[in-house]
Amino acid sequence: DLKLEYSIIEIFGSAEYANVRGSYALSSTEGNAVDKGKFFSVWRKSPDGQWLLTHDIFSSDLPVPVAQ
């Protein structure tokens, strides 16, 4: 099993759009680190008042494994 934790660093925007910047950590339930990095997402408020995710990007802080 995996455990995902998000930390929001900043939220900014307007009445119609919100931008969220933060970090994440993915680990096994045994506590072994699997991945960690940062993310940025864009949300738009729909006419019925719900916030909908329109864009989401993440970037790992871990090096890319080199093929042997």
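This report walks through the strands, surface patch and side-chain contacts of a predicted model.

**The sheet**

Four strands build an open sheet. Their order is β1-β2-β3-β4, and the pairing is antiparallel. β1 covers residues 2–13 and β4 covers residues 51–60. Both stand at the edges with a single partner strand each, so one side of β1 and one side of β4 lack a neighbour in the sheet. Neighbouring strands are turned against each other by 25° on average, with direction ignored.

β1 pairs with β2, which spans residues 17–28. The two run in the antiparallel sense over 11 bridges. Within this pairing, Phe12 has Asn19 of β2 as its bridge partner.

At the other end of the strand order, β3 pairs with β4. This pairing is also antiparallel and runs over nine bridges. Lys38 stands opposite Ser59 of β4. β3 and β4 form a hairpin, with five residues between the two strands. Gly49 lies in that turn and has a positive phi of about 95°.

**Inside and outside**

Which residues form a nonpolar patch on the surface? They are Phe12, Phe40 and Ile57. Together they have about 270 Å² of accessible area. Ile57 belongs to strand β4. Its relative accessibility is 56%, and the cut-off for exposed is over 50%, so Ile57 counts as exposed.

Is Ser41 buried or exposed? Ser41 sits in strand β3, residues 33–45. Its relative accessible area is 4%, and buried means under 20%, so Ser41 is buried. The Ser41 side chain has a polar partner: it makes a contact with the side chain of Trp43 at 3.2 Å.

**Salt bridges**

How many salt bridges does the count give? The count comes to three.

| Salt bridge | Distance, N to O |
|---|---|
| Lys3 and Glu5 | 3.5 Å |
| Glu10 and Arg21 | 3.1 Å |
| Asp61 and Lys38 | 2.4 Å |

Take the Asp61 and Lys38 bridge, where the side chains meet at 2.4 Å. This pair links distant parts of the chain, 23 residues apart. Asp61 is in the segment after β4, while Lys38 is in strand β3. Asp61 is partly exposed, with a relative accessible area of 43%. Lys38 is partly exposed at 42% relative accessibility.

Next comes the Glu10 and Arg21 bridge, at 3.1 Å. This pair also links distant parts of the chain, with 11 residues of separation. Glu10 is in strand β1 and Arg21 is in strand β2. Glu10 has a relative accessible area of 33% and is partly exposed. Arg21 is partly exposed too, with a value of 36%.

The remaining bridge joins the side chains of Lys3 and Glu5. Lys3 is partly exposed, with a relative accessible area of 44%. Glu5 counts as partly exposed at 42% relative accessibility.

Technical notes:
Residues are numbered from 1 along each chain as its sequence is written. This is a predicted model: local features need pLDDT of at least 70, side-chain atom pairs count only at pLDDT 80 or more; totals for chains, interfaces and linings use all residues. Side-chain values use heavy atoms; hydrogens and water are left out. Two strands pair if DSSP finds at least two bridges between them. Axes are lines fitted to C-alpha atoms, for helices over the stretch in contact, and angles run from 0 to 180 degrees between N-to-C directions. Patches are made of residues with over 30% relative accessible area and no salt bridge: like charges are joined within 9 Å, nonpolar side chains (Val, Leu, Ile, Met, Phe, Trp, Tyr) within 5 Å. Accessible areas come from the Shrake-Rupley method with a 1.4 Å probe; for residues, only the protein chains shown count as cover. A salt bridge is a side-chain nitrogen of Lys or Arg within 4 Å of a carboxyl oxygen of Asp or Glu. Buried means under 20% relative accessible area, exposed over 50%, partly exposed in between (1.4 Å probe, protein chains only). A polar contact is a pair of N or O atoms within 3.5 Å; within protein, one must be able to donate a hydrogen and the other to accept it, and residues adjacent in sequence count only if both atoms are side-chain atoms.
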